[in-house]
Amino acid sequence: KVQAPVVGCSDRCALRPFQKPSKMKVFVLLAAVLAVVVAAEEAAPMANVLVSKEIMNFIAVSNRTLAVKYYINNNGNGPATEISVKDNNFEGEGFTIINGLSSFNLASLAAGASVEHTILVEAHNPGYYNFTAASVEYKPSETADIVTGISSVPRNVPVHDPRSFDRDVLPHIAEWFAFMTLAGLAVFIPFKIFNASKVRYAGVIKKNQ
């Protein structure tokens with residue numbers, strides 16, 4: 001029998017020396033890992049809370065009720081937790097809070113949900129008030145850090161003096177009633193006098209005929 005020759009593996013099986021990966025390969029590997037991490041973070045549900053602050057009164061008058069409304073909306077794709085809204089605009093000497101809280105907390109707000117919060121305040125003195133924004137803090141996800149932001153800034157509101165407001169704006173029902181009464185008397189009394197005179201002279205003329 002003829003045996004096939006044994007082929008040695010001295011060349012193929014020999015240990016090759018270790019080669020360090022090139023800088024380009026390391027850079028490509030790190031970029032791929034970073035892209036995977038960023039994609040994973042973007043895919044995770046995250047909340048995005050927006051707060052709007054609005055002055056509801058069309059005309060503001062000092063020492064009369066002024067309504068301030070806050071709209072809290074989560075337009076993200078995940079629930080927001082530990083929401084805190086703080087408004088220091090009405091804590092000074094110029095205002096008195098009649099009803100509600102200017103600083104309040106919400107335990108959570110689902111994705112796409114919104115809530116409203118209204119307070120009633122009174123301005124002590126007439127003048128031009130520059131209302132400032134409220135601050136907001138919340139957690140966009142369970143593992144994320146606290147996010148801070150501010151609300152929209154409401155319009156500047158002139159606060160009128162109540163006496164000038166009553167004089168210029170109110171319908172003055174009592175004054176109009178008094179005017180119409182006096183005007184009616186001014187027409188009715190001469191008419192009664194004329195009618196009485198007419199009847200008396202008509203009787204005299206008939207008697208003489």
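Residues 24 or more positions apart account for 69% of the contacts in the chain with a separation of 6 or more, where contact means heavy atoms within 4.5 Å. This is a predicted model, in which local features need pLDDT of at least 70, side-chain atom pairs count only at pLDDT 80 or more, and totals for chains, interfaces and linings use all residues. Residues are numbered from 1 along each chain as its sequence is written, and side-chain values use heavy atoms, with hydrogens and water left out.

**The chain**

The chain has 3 helices and 11 strands. Helices (H or I, at least four residues) and strands (E, at least two) are DSSP runs, numbered from the N terminus. Along the sequence the pattern reads α-β-β-β-β-β-β-β-β-β-β-β-α-α. The accessible surface comes to about 15,600 Å², and 62% of this belongs to carbon and sulfur atoms; the areas come from the Shrake-Rupley method with a 1.4 Å probe, and for residues only the protein chains shown count as cover. Of the 209 residues, 23% count as buried. Buried means under 20% relative accessible area, exposed over 50%, and partly exposed in between (1.4 Å probe, protein chains only).

**An open sheet**

Four strands form an open sheet in the order β6-β4-β9-β10, with antiparallel pairing. Its edge strands are β6 (104-109) and β10 (147-150), each of which pairs on one side only. Neighbouring strands of this sheet are turned by 20 degrees against each other on average, direction ignored; the axes are lines fitted to C-alpha atoms, for helices over the stretch in contact, and angles run from 0 to 180 degrees between N-to-C directions. Two strands pair if DSSP finds at least two bridges between them. Strand β4 (residues 80-86) and strand β9 (residues 135-139) have 4 bridges in the antiparallel sense.

Thr81 is placed in strand β4 and stands opposite Lys139 in β9. Leaving aside residues up to four places away in sequence, Thr81 touches Ala107, Ser108, Tyr138 and Lys139. With a relative accessible area of 27%, Thr81 is partly exposed. Thr81 and Val49 are 32 residues apart in sequence, and their C-alpha atoms are 10.0 Å apart in space.

**Salt bridges**

The structure holds 3 salt bridges. A salt bridge is a side-chain nitrogen of Lys or Arg within 4 Å of a carboxyl oxygen of Asp or Glu.

| Side chains | N to O distance |
|---|---|
| Lys53 and Asp87 | 2.8 Å |
| Glu116 and Lys69 | 3.6 Å |
| Arg163 and Asp161 | 3.5 Å |

Lys53 lies in strand β1 (residues 49-55) and Asp87 in the loop between β4 and β5 (95-99), so this pair ties together parts that are 34 residues apart in sequence. Both Lys53 and Asp87 are buried. Glu116 lies in strand β7 (residues 114-123) and Lys69 in strand β3 (residues 65-74), so their pair ties together parts that are 47 residues apart in sequence. Glu116 is exposed, with a relative accessible area of 52%, whereas Lys69 counts as buried at 17% relative accessibility. Arg163 counts as exposed at 65% relative accessibility, and Asp161 as partly exposed at 23%.

**A nonpolar patch**

Leu182, Leu185, Phe188, Ile189 and Ile193 make a nonpolar surface patch of about 510 Å². Patches are made of residues with over 30% relative accessible area and no salt bridge: like charges are joined within 9 Å, and nonpolar side chains (Val, Leu, Ile, Met, Phe, Trp, Tyr) within 5 Å. Leu185 lies in helix α3 (residues 173-208) and counts as partly exposed, at 43% relative accessibility.
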